[in-house]
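Please consult the sequence and the structure while reading.

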Amino acid sequence: MNKFFVRDKQFYLLVLSIALPVALQQVVNLGVNLADQIMIGSFGETQISACSLANQFYFIYNVLCLGISGGACVLTAQYWGANNKRRVKETITLALWIAVALSILFSILSIAFPMEIMSLYTKDVNIMIEGSKYLRIMAFVYLIHGTALIAVATLRTVGVVKLGLLISCISFFVNIFFNYVFIFGEFGFPRLEIAGAALGTFIARLVEFLITFGYMMIYEKELCYRIKDLFVKVDQALMKEYIQIGSPVIVSDGLLTFGNNALAMIMGRIGASMVSANAICSVIVQISTVFINGVSSASGVITGNTIGRGESEKALEQGYTFFSLSVIVGIVGAVIVALIHPYIIGLYNITEETIAVTNELMWAVEVIIIFQCIQGVMTKGVLRGGGDTKFLMYADILFLWIASIPLGYLTGLVWGMSPFIVYICLKIDFIIKSFWCLHRLHSKKWIKVASLTQE
């Protein structure tokens with residue numbers, strides 16, 4: 001029992017101090033997403049499906065930014081543990097400029113080729129038209145959201161953990177208010193429906209951006225990152241280390257995202273009922289796993305800081321504890337799904353067929369969610385915090401592309417099996433990665449110290 005749980009109250013207090021703000025931030029974000037879906041859902045399944053599928057493309061950018069920040073966070077956590085502030089600042093600068101370049105590319109694609117993008121996910125012309133309206137407006141969100149996301153994530157590794165929660169709370173009210181105004185055409189504004197949801201999101205993200213960089217550049221006192229640091233020259237040694245540690249994270253998260261988009265394409269071709277059901281399930285899964293996102297963030301920060309201080313054996317002991325916590329949270333999440341899903345489904349204006357499909361997917365979710373929690377903490381937290389990014393890249397590529405996607409395609413589009421079986425196959429990589437990552441944790445090969453921590 002001792003092997004799987006650290007006997008140190010201060011450790012658990014530290015975990016809670018990082019995990020709770022992140023979890024609460026997720027709760028707030030989910031509240032916004034749920035409100036968006038319910039508002040859009042009042043106009044029928046076409047707009048639910050269009051919003052869900054259009055967001056799959058936006059999700060590609062979002063996850064690539066998470067990959068950029070994930071690679072940066074591995075280094076900033078270790079540099080901060082080694083008390084090397086200069087390298088922390090340089091790493092943040094490098095990550096921000098990569099995000100800027102990426103945002104320009106995605107903005108151009110969303111403005112110039114929205115119908116072509118939507119055609120990747122569905123052949124339903126009505127869904128394509130509605131999704132295109134959403135994408136054109138979201139083109140203006142990429143830059144402000146990506147850079148703010150990276151700033152909040154990297155600041156978390158140096159102990160600024162409440163900023164994200166504060167921003168999300170403000171964004172919650174801003175987003176819901178403007179979504180209500182523009183979706184339904186209140187207070188004299190035209191009724192924009194799905195385009196109104198995108199416009200509300202843009203305003204909320206702009207507020208997040210202004211608060212994030214206003215705080216970071218003016219008030220933050222620990223790191224003291226300022227405007228001049230945006231233009232500091234990043235030396236070749238840091239760029240080489242970031243490429244070595246960060247590029248596998250970006251490739252891993254990128255290919256994982258393209259893989260998830262392939263899964264969305266499979267669902268889109270099964271039918272609108274499957275798309276709508278999966279959109280509803282996604283919200284419920286996120287509600288039931290909010291705390292695991294906090295644990296994952298805490299494990300990455302704590303592991304990186306511990307290794308940066310040169311305490312590898314302590315990091316291993318903490319790794320086993322985080323694994324145990326992920327199992328517990330996964331089981332709790334499965335119970336939450338079983339309890340709340342009938343009430344959530346009742347909030348939507350959907351057909352009896354979609355209700356039946358959603359219920360089947362929920363049964364599958366109750367099985368998958370335990371493994372989703374385990375692999376989430378291991379891949380995005382402990383092992384990534386240890387610098388084992390190349391191994392994780394192989395894990396993400398291998399199991400998603402040779403297991404989940406082929407099995408999902410065969411069971412959903414060739415054999416026409418039940419939604420329960422299709423969903424299990426689409427997510428089977430979670431099960432495989434859970435066991436593979438546990439083996440990797442035990443091997444101790446995942447502990448890799450950044451070369452520039454001590455200089």
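## Terms and model

The axis of a helix is a line fitted to its C-alpha atoms over the stretch in contact, and the angle between two axes is taken between their N-to-C directions. The model discussed here is predicted.

## The crossing of α13 and α16

How do the axes of α13 and α16 cross? Helix α13 spans residues 352-385 and helix α16 spans residues 428-443; their axes come within 8 Å and cross at roughly 40 degrees. The two helices are therefore oblique to each other. Their crossing is left-handed.

On the α13 side, the residues in contact are I368, F371, Q372, I374, Q375, M378, T379, V382 and L383. They meet F430, I431, K433, S434, F435, C437, R440 and L441 of α16. By class, the residues of this contact comprise eleven nonpolar, four polar and two charged.

## The largest pocket

The largest pocket has a volume of about 240 Å³. Its lining consists of 19 residues, and those nearest the centre of the pocket are L14, I18, I302, N305 and R309.

Which elements give two or more residues to this lining? They are α1 (9-41), α11 (290-308) and α12 (312-345). Helix α1 provides the largest share, with five residues.

The lining of the largest pocket contains eight nonpolar, seven polar and four charged residues.

Key
Residues numbered from 1 in each chain as written. Predicted model: local features only at pLDDT ≥ 70, side-chain atom pairs only at ≥ 80, totals over all residues. Heavy atoms only, no water. Axes fitted to C-alpha atoms, helices over the stretch in contact; angles between N-to-C directions. Helix = DSSP H or I, 4+ residues; strand = E, 2+ residues; numbered from the N terminus. Parallel < 35°, antiparallel > 145°, perpendicular 65-115°, else oblique. Left-handed = near helix turned anticlockwise from the far one by under 90°. Contact = heavy atoms within 4.5 Å. Nonpolar A, V, L, I, M, F, W, Y, C, P; charged D, E, K, R; others polar. 1 Å grid on protein atoms, 1.4 Å probe; cavity = no way out; pocket = protein on both sides within 12 Å on 5 of 7 lines; lining within 4 Å. Points joined across faces, edges and corners; volume = space filled by probe spheres on them.
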